[in-house]
Amino acid sequence: MDKKRFTISVFTEDVVGILNRVSIIFTRRKINVESIAASESEIKNIYRYTIVITETENQVKKVVGQLEKQVEVVKAVFHTDSEIVHQEIALYKIKTGVLASGGNAEKIVRSHNARVLSVETEFSVIEKTGHKEETQQLFDELQPFGILEFVRSGRVAITKPMKTLSSIVLQLEELVKN
Amino acid sequence: MENLAIKTNIRKQLMTGSQAVVHSLIAEGVDLIFGYPGGAIMPVYDALYDVEDKITHILTRHEQGATHAAQGFARATGKVGVCLATSGPGATNLITGIADAQIDSTPLVCITGQVTSHLLGTDAFQETDIIGISMPVTKWNFQVTRAEEIPFALAKAFFIAKSGRPGPVLIDITKDAQFETLHFDYKPFKGMRSYVPTPKLNLDKVKEAATLINSAKKPFVLFGQGVLLARAEKEFKEFIEKAGLPSAWTIMGLSALDSDHYLNVGMLGMHGNYAPNKLTNECDVLIAIGMRFDDRVTGDLNRYAKQAKVIHIEIDPAEIDKNVKTDVAVLGNAKESLKALIDLVIKKEHKDWLENFRKLEKEEYNEVIKKELNPKAKLMSMGEVINKINLYSNQKNIIVSDVGQHQMIACRYAKFKQTRSSITSGGLGTMGFCLPAAIGAKMGMPDTQVIGIIGDGGFQMTIQELGTIFQFKTAVKIVLLNNEFLGMVRQWQELFFDKRYASTTMVNPDFQTIVKGYGIKVKKINKREHLEEAIKEMLSYEGSYFLEVMVGKENNVFPMIATGASVSEIRLK
Ligand SMILES: Cc1ncc(C[n+]2csc(CCOP(=O)(O)OP(=O)(O)O)c2C)c(N)n1
């Protein structure tokens with residue numbers, strides 16, 4: 001079976017150590033996590049981890065099964081890129097002089113719909129949101145001008161086909177009551 | 001459970017965290033625990049001192065022994081096994097037993113002391129990150145840093161350990177939390193939204209399974225510990241009898257059915273029986289119940305039951321399709337699932353199909369079993385020792401085995417007439433399991449004959465637990481099958497490494513002298529004509545008894561499925 005890129009969304013209770021429990025499932029199968037992002041979800045006290053891996057679908061299914069088995073994991077799902085809307089954010093630090101010189105750098109920034117976040121005398125910070133390929137493209141184009149620092153966030157993704165988290169949680173809470 | 005407050009009579013009482021630990025245990029109905037004291041857990045030990053009439057603490061000789069004893073206790077009784085240990089080395093010594101309990105789904109609650117909370121992360125004396133270390137091998141773990149968390153954490157721990165697919169839980173309690181005071185208010189844990197212990201039975205899936213079973217010409221049941229854990233022995237028997245299903249147990253399913261039941265066709269796996277392994281690749285419907293298709297059971301997955309439709313009756317959704325692709329998955333507790341299935345299956349006998357098993361059984365009998373049980377060699381075989389135990393006992397013993405050749409022989413040849421009467425380390429294969437597990441089993445089932453079957457290698461891995469037997473006068477019977485080799489490894493060296501016996505020869509001490517030193521009645525035999533009398537004497541002896549039998553040094557366990565081979569390539573020699 002061919003390996004593909006999958007985005008796994010893991011919804012967990014807000015407890016210490018859960019990130020460790022989640023990551024163990026990947027490390028024990030020697031799966032490299034390409035990116036991970038975590039934040040509170042639309043429901044208070046439920047955290048959402050967005051994890052990107054490249055694996056066979058078969059393997060991903062097993063991983064998701066084992067994730068969901070963790071006592072403090074509420075739900076785990078996996079999707080291919082076409083089933084999600086996803087973004088990453090990248091920050092680029094370059095010399096302010098490069099931008100101010102009226103040369104190409106500024107044009108490049110504008111053509112990428114990137115935004116100048118901050119301008120200091122020494123350096124400026126540019127922000128670009130998009131898919132990895134897009135933030136990478138901007139990186140490649142700015143590189144000749146000298147990039148002082150670069151950072152990219154993990155992928156965050158919203159799934160297209162999915163029952164709402166709140167309906168899932170409601171269902172689970174009913175189960176506990178009965 | 002409802003009347004906990006009345007039972008414990010201490011509701012809302014002000015007490016220390018350590019007192020809350022012991023009162024939580026009492027509230028959970030715990031009256032026996034295994035452990036080993038040390039600095040960070042001393043307050044709990046101090047609290048135990050006041051409740052000695054309610055909780056018996058068994059001081060094992062090593063924390064690993066405490067975990068295996070708790071496992072033996074849990075496996076024999078169906079209750080949660082409880083262990084107590086100090087921080088640092090005490091806690092890390094628990095890991096092997098916890099890992100064993102995790103892979104064999106044994107409910108344990110392990111409580112460890114931890115350094116005072118303000119020292120966490122500072123490499124304090126006897127600090128280890130036991131939460132981090134135990135995370136991959138626990139069903140759940142939690143660190144308590146405040147006394148008021150204790151009743152809730154323990155209630156949750158017991159709930160998680162025993163519900164759904166059982167497993168080990170670890171609660172790490174900092175020393176300051178043990179000293180702090182709280183208003184004790186124990187409420188049993190009712191559940192949580194992120195944890196569905198038992199999936200709701202889907203009746204459509206049950207119907208689908210029944211349709212497949214009813215149309216099958218060669219149906220075949222594989223059953224594991226799930227039957228025991230769900231206490232579904234009765235339903236299981238009724239189900240297979242009604243539908244006329246030949247059934248094979250995994251090593252963990254041993255004793256869920258009478259050994260001599262006409263539909264019991266023996267054990268699956270690497271050293272299991274010939275017929276069930278061979279016919280796995282001939283059946284048309286494979287019905288797996290409470291088992292997880294371990295690689296030791298399946299052999300090469302690419303050549304495993306490819307011709308069959310697979311029904312998997314299982315409580316843990318993560319097991320579905322993990323190793324073997326399932327056609328119908330029936331998720332739920334085995335007892336409920338089987339109850340629902342019984343009504344839907346048609347009464348059948350499958351005589352011809354069963355006859356196939358009988359034929360292969362005969363082959364195995366002539367090639368292997370007959371020779372193992374009636375050997376011509378001067379030295380005894382392991383099988384004849386087990387067979388004599390069958391012959392001279394009522395077969396209602398609990399057989400606890402260690403790991404190696406003797407384990408395979410014990411599991412193959414011991415007769416089981418009582419549920420939960422085989423205790424062995426199946427998934428992890430932990431040498432050293434037997435002696436402490438036998439102690440725990442005997443303490444849980446004091447009126448049952450508990451017999452440990454052990455090799456000269458594994459015996460020396462937890463030999464210090466003889467001290468526990470001595471101190472607590474535990475009347476276990478220990479049969480040491482001494483081949484002066486790490487037999488199972490030696491067998492592999494013989495078969496697959498050109499007989500290059502690297503580090504498998506055992507130069508053993510005089511076990512008789514050692515065991516006698518622990519006040520245990522001992523006997524050693526090396527002649528067949530003494531076997532009968534020795535077994536009889538051991539079985540009728542009141543106290544603990546150690547029988548050392550010198551067996552053939554280079555005997556092999558057969559049948560065997562070589563690594564990478566298909567189940568149907570099982571060899572008789
Ligand atoms: C803790 C541990 N270490 C190593 C092994 C690997 N191992 C499996 S069987 C075996 C030999 C066991 O020898 P013995 O206890 O004498 O039993 P026998 O096979 O001779 O019956 C070994 C070393 C193991 N299963 N567990």
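User: Among contacts in chain B between residues at least 6 apart in sequence, what percentage join residues at least 24 apart?

Analyst: The figure is 76%, where contact means heavy atoms within 4.5 Å. This is a predicted model, in which local features need pLDDT of at least 70 and side-chain atom pairs count only at pLDDT 80 or more, while totals for chains, interfaces and linings use all residues. Residues are numbered from 1 along each chain as its sequence is written, chains are lettered from A and ligands numbered from 1 in the order in which they are written, and side-chain values use heavy atoms, with hydrogens and water left out.

User: Why is chain B called as compact as a globular protein of its length?

Analyst: Chain B has 24 helices and 20 strands (DSSP runs numbered from the N terminus: H or I of at least four residues for helices, E of at least two for strands). Its radius of gyration is 24 Å, close to the 25 Å that the globule rule gives for 573 residues, so the description applies. The radius is taken over C-alpha atoms, and the rule is 2.2 Å times the number of residues to the power 0.38. Along the principal axes, the C-alpha atoms fill a box of roughly 70 × 60 × 40 Å.

User: What makes B:N264 count as buried?

Analyst: Buried means under 20% relative accessible area, exposed over 50%, and partly exposed in between (1.4 Å probe, protein chains only). B:N264 has 8% relative accessibility, so it counts as buried. B:N264 sits in strand β11 (residues 264-267) of chain B. Leaving aside neighbours within four places in sequence, the residues it contacts include B:W249 and B:L257.

User: How do you know that the side chain of B:N264 makes a polar contact?

Analyst: One of its polar atoms lies 3.2 Å from the backbone oxygen of B:D258. A polar contact is a pair of N or O atoms within 3.5 Å; within protein, one must be able to donate a hydrogen and the other to accept it, and residues adjacent in sequence count only if both atoms are side-chain atoms.

User: Are B:A40 and B:S544 buried or exposed?

Analyst: B:A40 is buried, at 7% relative accessibility, and so is B:S544, at 12%. B:A40 lies in the loop between β2 (32-35) and α3 (42-49) of chain B. B:S544 lies in the loop between α24 (531-540) and β20 (545-550) of chain B. Beyond four places in sequence, B:A40 contacts B:T86 and B:K175, among others, and the contacts of B:S544 include B:I469 and B:I520.
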